[in-house]
Amino acid sequence: METFNKNFSDESSYFTTWATVISNVFTPKMKLSNNSLRQIVCVSASGNNIRLKLSNKKGKTNLEIKEINIANSKSQGFGEIDYNSIAYLTFKGEKEIIIPPKQEIYTDTITYNLKPLSEVSISIYFGITPDILTGHKSSRTHSFIEEGNKISDEKFSNNHKIACWFFISGIEVSSLAKKKTIICFGDSITDGSGSTINKQNRWIDLLTNKLYLNKDTSDLAVVNKGLSGSKITKNGLQIFSNDVLKVRGVTYIIVLIGINDINSNKNSSQIISAYKQIIEEADKIICLFMLGQFCHLVIIKSGIKKKK
């Protein structure tokens, strides 16, 4: 079970082990208000002190959370958890929170044995939810809805499942050892288009598994910041500035975006100009640019850009 830690005031000690890009998402057939939602995510790096980031960024009214917990997921594609691993999360010691519109908040940091490459369940019992929901519509992982407060149940039914994440935007780990995070930034290719639902086999997941098997890279965290339909000349730069660069612990960025721009007849000078803006903003961060068969490494260090 969890232990509430009050001693994690050093924000620089946190790194991100899982996150997603948030946007407006559709309303499920079964409403979320006054019901329970169980969502499954796959983390990258491990840790023992964690907190969740929750978002009502797109909402126009308050989001009311009555209770929330985290647990180890027991099986891929089903809403079943290891009951003995349940840990309840709080907000300044309280189990309930109201998140105002356009706002994001963190839970308190708790002690929890977060294992590398593991699937975890985040179960939320809601009060009133906004009409406009915040989330990620291309989760490639099923979420499950039950009537009333069922977040302590070991298993949710498959009667109301949906491949979408709602209101969760990140999981962060506090560690005395400075850990590094790789951000994979892109469009539907990065988001997981073509991958198998519930199998965690996006190219990001395969990369994470490969890095973990190598002793020199096994402690790297990998975060997917892909959003289907993104264009570097449209919404991509905003996502990069307001989302990617704000991920805690970001050290490396893999950029794979621009295909949608080419398909919509954007010219090369527009795309190159957007890439240059990314390079300028990614001060002292190592960036790897990929577009189809092309690959370009830009190292930014102490204001000096070196290309390979």
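1. The buried residues of α3 pack against β19 (181-186), β21 (250-256), α4 (259-263) and α5 (268-281), contact meaning heavy atoms within 4.5 Å. Helices (H or I, at least four residues) and strands (E, at least two) are DSSP runs, numbered from the N terminus. This is a predicted model, in which local features need pLDDT of at least 70 and side-chain atom pairs pLDDT 80 or more, while totals for chains, interfaces and linings use all residues. Residues are numbered from 1 along each chain as its sequence is written, and side-chain values use heavy atoms, without hydrogens and water.

2. Within α3 (residues 232-242), the buried positions are Ile232, Gly236, Leu237, Ile239 and Phe240. They share one side of α3 because they cover an arc of only 165 degrees around the axis, taken from the directions from the helix axis to the C-beta atoms. Lys234 and Gln238, on the other side of α3, are exposed. Buried denotes under 20% relative accessible area and exposed over 50%, with partly exposed in between (1.4 Å probe, protein chains only).

3. α3 also gives the most to the lining of the largest pocket, namely four residues. The lining comprises 24 residues, and Ile22, Lys57, Glu104, Asn242 and Asp243 lie nearest the pocket's centre. A pocket is here an open set of points on a 1 Å grid over the protein atoms alone, where a 1.4 Å probe fits, with protein on both sides within 12 Å along at least five of seven lines; lining residues have an atom within 4 Å of a point.

4. The structure holds zero disulfides, a disulfide being a pair of cysteine sulfur atoms within 2.5 Å. The sulfur of cysteine 42 is too far for a bond, because the closest cysteine sulfur, in cysteine 184, is 13 Å away.
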